[in-house]
Amino acid sequence: MLDPPLKSDVFTQPFFDHLARQFQLDPFGQHGIEHWLRVLINGREIAKRISVNLKVIELFALIHDCRRWNELEDSLHGQRAAEFCDTLKNRWFAFDDTDLRLLRTACRYHTNEFFHPNVTVQACWDADRLDLGRIGITPSKKLLGAYLEQHDDLVQAAIARSHLSFSF
């Protein structure tokens, strides 16, 4: 039996459309909306297993790559995504300063850092890394949060999903 759809405080069609409209790359490219959605699914699956801030994870999934300017090397896209969060707050979502700081940290460092002491930030990064199969890379378990050692089924399902495309 399938779980009922997860109600989200942040994932709305108008918000998703807003992010997709401003995205400068191919929306179906390596860092486009299919990737965002797989990271969202991964993050939600992690949130079912451990105590994390789901709202931060959902926003991270949708925002972390939306300020990329190219598919290959774009070392500043995380910084741009973190700054973009400030323009979205109170327009598309309500956040306190602590949650915004977590979201900005997760976005800013998601490409260059591997481990963070905050479990929500770590879950964001893991949700993203679990989708590396889309570019032919199997994520190294050494570069994922230790909590995933107890959830190999989640890791394997995410890796399998990373090779799939959505039908729009």
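These questions and answers look at a predicted model of one protein chain.

Q: What makes up the fold of the chain, in helices and strands?
A: The chain has 7 helices and 0 strands. Read along the sequence, the pattern is α-α-α-α-α-α-α.

Q: Why is the chain called as compact as a globular protein of its length?
A: Its radius of gyration is 15 Å. The globule rule gives 15 Å for 168 residues. The two values are close, so the chain is as compact as a globular protein of that length. Along the principal axes, the C-alpha trace spans about 35 × 35 × 30 Å.

Q: How much of the chain counts as buried?
A: Of the 168 residues, 52% count as buried. The accessible surface of the chain comes to about 8700 Å². Carbon and sulfur atoms hold 55% of that surface.

Q: What share of the contacts joins residues at least 24 apart?
A: Take the contacts between residues at least 6 apart in sequence. Of these, 63% join residues at least 24 apart.

Q: How many positive and negative side chains are there, and where do their centres lie?
A: There are 20 positive and 23 negative side chains. The centres of the two sets lie 2 Å apart.

Q: How many aromatic pairs does the chain have?
A: The count comes to 6 aromatic pairs.

Q: What makes the pair of Phe23 and Trp36 edge-to-face?
A: The planes of Phe23 and Trp36 are 75 degrees apart, with 5.2 Å centre to centre.

Q: Where do Phe23 and Trp36 lie?
A: Phe23 is in the loop between helix H1 (13–22) and helix H2 (33–49). Trp36 is in helix H2, 13 residues away. Phe23 has 8% relative accessible area, and Trp36 has 0%. Both values are under 20%, so both residues count as buried.

Q: Which residues do ring pairs link into a cluster?
A: The cluster holds Phe11, Phe16, Phe23 and Trp36. Phe16 lies in helix H1. Leaving aside neighbours within four places in sequence, Phe16 is in contact with Phe11, Ile33, Trp36, Leu37 and Leu62.

Q: Why is Asn90 called exposed?
A: Asn90 has 63% relative accessibility. The cut-off is over 50%, so Asn90 counts as exposed. Asn90 sits in the loop between helix H4 (77–88) and helix H5 (97–109). Asn90 also has a positive phi of about 70 degrees, although it is not a glycine.

Q: How do you know that Ser162 is buried?
A: The relative accessible area of Ser162 is 2%. That is under 20%, so Ser162 is buried. Ser162 lies in the segment after helix H7 (152–161). Beyond its neighbours within four places in sequence, Ser162 is in contact with Arg38, Leu130, Asp131, Gly133 and Arg134.

Terms used. Residues numbered from 1 in each chain as written. Predicted model: local features only at pLDDT ≥ 70, side-chain atom pairs only at ≥ 80, totals over all residues. Heavy atoms only, no water. Helix = DSSP H or I, 4+ residues; strand = E, 2+ residues; numbered from the N terminus. Rg over C-alpha atoms; globule rule 2.2 N^0.38 Å. Buried < 20%, exposed > 50% of the residue type's maximum accessible area, 1.4 Å probe, protein only. Contact = heavy atoms within 4.5 Å. Areas by Shrake-Rupley, 256 points an atom, 1.4 Å probe, with all protein chains shown as cover. Lys, Arg positive; Asp, Glu negative; His and termini not counted. Charge placed at Lys NZ, Arg CZ, Asp CG, Glu CD. Phe/Tyr/Trp six-rings, centres within 6.5 Å; stacked < 30°, edge-to-face > 60°.
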